[in-house]
Every structure is written in structure tokens, then in C-alpha cells.
Amino acid sequence: MRLFVYDTEGLEDELDDFTEATGVEHIHLDAAWSKSKGLDHASPKSLMAAMKLVAKEPDSMLFIDSGTDCCEQPREEYAARNPGKKIAYGMVDMSMAPIVRTLKDAQFHWVMTFRQSDERDEVNGEEQVVGKKGKASKDMQYVARIKVHCTRPHSKSNHSVKVEIRDQRGLGDKPPIRLADPKVADLMPLVERYSPGGKRKLRAHLFGREATGKSGTALRLLIALARQLKGDSPSE
């Protein structure tokens with residue numbers, strides 16, 4: 001078991017903390033790794049190469065931080081090639097379609113972060129913000145089963161991070177799980193269904209505005225998963 005980290009955010013000490021907490025080796029797939037493969041980092045080809053690498057190992061885990069950067073890269077590349085031209089999102093985002101299919105069918109565990117965007121719809125004849133979602137492209141925001149919305153309350157709060165966790169495919173009318181400053185032990189119930197070598201794979205994404213604890217919460221979730229797969233104690 002290893003954790004592969006496809007990193008566009010510049011993670012460093014956090015990954016050492018993960019390995020120290022779990023005893024699980026992490027493999028850092030950063031810009032230097034992509035360059036060594038002759039690929040542009042955060043591009044669909046680079047991310048696909050990373051996923052193929054992860055798929056070779058049973059019970060492996062992939063952390064993509066950030067998925068938004070990967071979705072934006074083809075758009076930025078198109079804009080650079082066509083200055084002044086309106087981005088043809090439908091065409092450009094098709095480059096992410098193989099990524100979506102691979103994530104849906106992945107036989108490895110994965111967790112991804114997104115920056116947040118507003119979800120808009122027409123209400124009483126006017127366009128209004130009706131919710132929040134991950135800033136992604138071509139159905140990327142729909143491939144995860146577990147979705148975690150991270151927020152940072154106003155300064156008067158005693159909590160630095162709040163999360164709302166939803167199981168998108170769960171049955172019944174269970175309300176979302178709400179936690180403040182979640183610890184690894186708080187996240188263990190989310191991963192109890194996953195067993196070593198089992199067919200069930202964790203597919204989760206976290207989203208929120210900048211500096212809302214997405215990466216840290218994601219890594220705590222992965223620590224919980226690693227401990228579950230190793231049969232370790234749930235305590236932090």
C-alpha cells in the first residue's frame with residue numbers, strides 16, 4: 001500500500017506527516033515528475049499517466065490536489081494558443097472525458113480537492129446562487145461518492161474549519177454529517193466499509209474556498225483510510 005500524491009499545490013511537510021502517522025510510504029508526483037515524463041503538469045495526459053501508475057498497485061491510494069488545476073489546464077492552454085478568442089468549453093473540456101471515465105471505474109482509492117464555485121439557476125425568472133460546488137469541468141464534480149464542503153467560519157468562532165459531508169449515493173434521508181476541526185478519529189466512520197483487497201473503493205472530493213482546510217482534511221481522511229486498510233487503531 002502506498003499513497004500517490006498528484007500535487008499542483010506545493011505540498012511538502014504535510015506528506016511527511018501522513019507517512020509518520022500511518023507508516024505508509026508516499027510517492028510525490030509533482031511538476032518535476034511530469035517533466036521527467038515529458039508531460040505538462042496538471043495536463044490530462046500527465047494526470048492519466050499518474051492514474052495508470054497508481055492502478056498497478058492493489059490497495060493503493062491517489063490524492064489529487066488540486067483537481068481544479070487539472071480541469072483549468074486545458075482551458076488555459078487553449079486561451080494561450082487562441083488569444084482573444086472565446087474558449088470553446090464543450091470542445092476543450094472533452095480532453096477531461098477519459099479522466100472522468102477512469103475515475104469512475106478506478107480500482108484504487110482516490111481523494112481529490114476542488115476550489116469552490118457558485119451553482120446558479122433561474123429562480124422566479126432571475127438567475128440566483130442556489131448552492132456551492134467544486135470548480136471543475138466535464139462532469140468531474142459528479143464522479144465522487146463522498147463530497148465534503150469545507151468552510152472557515154468568521155473569526156468569532158472557536159473553530160478554524162467546518163466540514164459538511166454528504167454521501168451522494170447513499171439511500172435514505174440521512175442528514176449530512178457536520179464536523180468542526182475534524183480529527184482522524186472523526187473521519188473513521190466514513191471508511192469503515194473499505195477492506196484490504198476489497199472491491200469497494202473510496203471516491204471522495206473536497207471543495208471550498210481558498211484556505212478552508214481542504215488539503216489537511218483530505219489527508220486526515222486518507223490517514224483514516226490507511227489505518228482502516230492496515231487494521232490499525234482508529235485513535236489519532
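Visitor: How do the residues of the lining of the largest pocket divide into nonpolar, polar and charged?

Guide: Happy to walk you through it. This is a predicted model, in which local features need pLDDT of at least 70 and side-chain atom pairs count only at pLDDT 80 or more, while totals for chains, interfaces and linings use all residues. Numbering starts from 1 along each chain as its sequence is written, and side-chain values use heavy atoms, without hydrogens or water.

The lining divides into 11 nonpolar, two polar and seven charged residues (nonpolar: Ala, Val, Leu, Ile, Met, Phe, Trp, Tyr, Cys and Pro; charged: Asp, Glu, Lys and Arg; polar: the others, Gly among them). That makes 20 lining residues, with R166, D167, K174, P175 and I177 nearest the centre of the pocket. Strand 7 (162–167), strand 8 (177–180) and helix 7 (184–187) are the elements that each give two or more residues to this lining, and strand 7 gives the most, with three. Helices (H or I, at least four residues) and strands (E, at least two) are DSSP runs, numbered from the N terminus. The pocket holds about 480 Å³ of space. Here a pocket is an open set of points on a 1 Å grid over the protein atoms alone, with protein on both sides within 12 Å along at least five of seven lines, and lining residues have an atom within 4 Å of a point. Its volume is the space filled by probe spheres set on the points, which are joined across faces, edges and corners.

A nonpolar core is a set of buried Ala, Val, Leu, Ile, Met, Phe, Trp, Tyr and Cys residues joined through side-chain atoms within 4.5 Å, where buried means under 20% relative accessible area with a 1.4 Å probe, protein chains only. This core has 34 residues, and F18, F63, V111, V191 and L202 have the most contacts inside it. Helix 8 supplies the largest share, nine residues. Leaving aside neighbours within four places in sequence, L202 is in contact (heavy atoms within 4.5 Å) with residues including W110, V111, V191 and L225. A second, separate core has 29 residues, V54, C71, V100 and M112 among them.

H205 is buried, with a relative accessible area of 1%, and touches M112, F114 and I146, among others.

How values were computed:
On a 1 Å grid over the protein atoms alone, a cavity is a set of points where a 1.4 Å probe fits but cannot get out, and a pocket is an open set with protein on both sides within 12 Å along at least five of seven lines; lining residues have an atom within 4 Å of a point. Buried means under 20% relative accessible area, exposed over 50%, partly exposed in between (1.4 Å probe, protein chains only).
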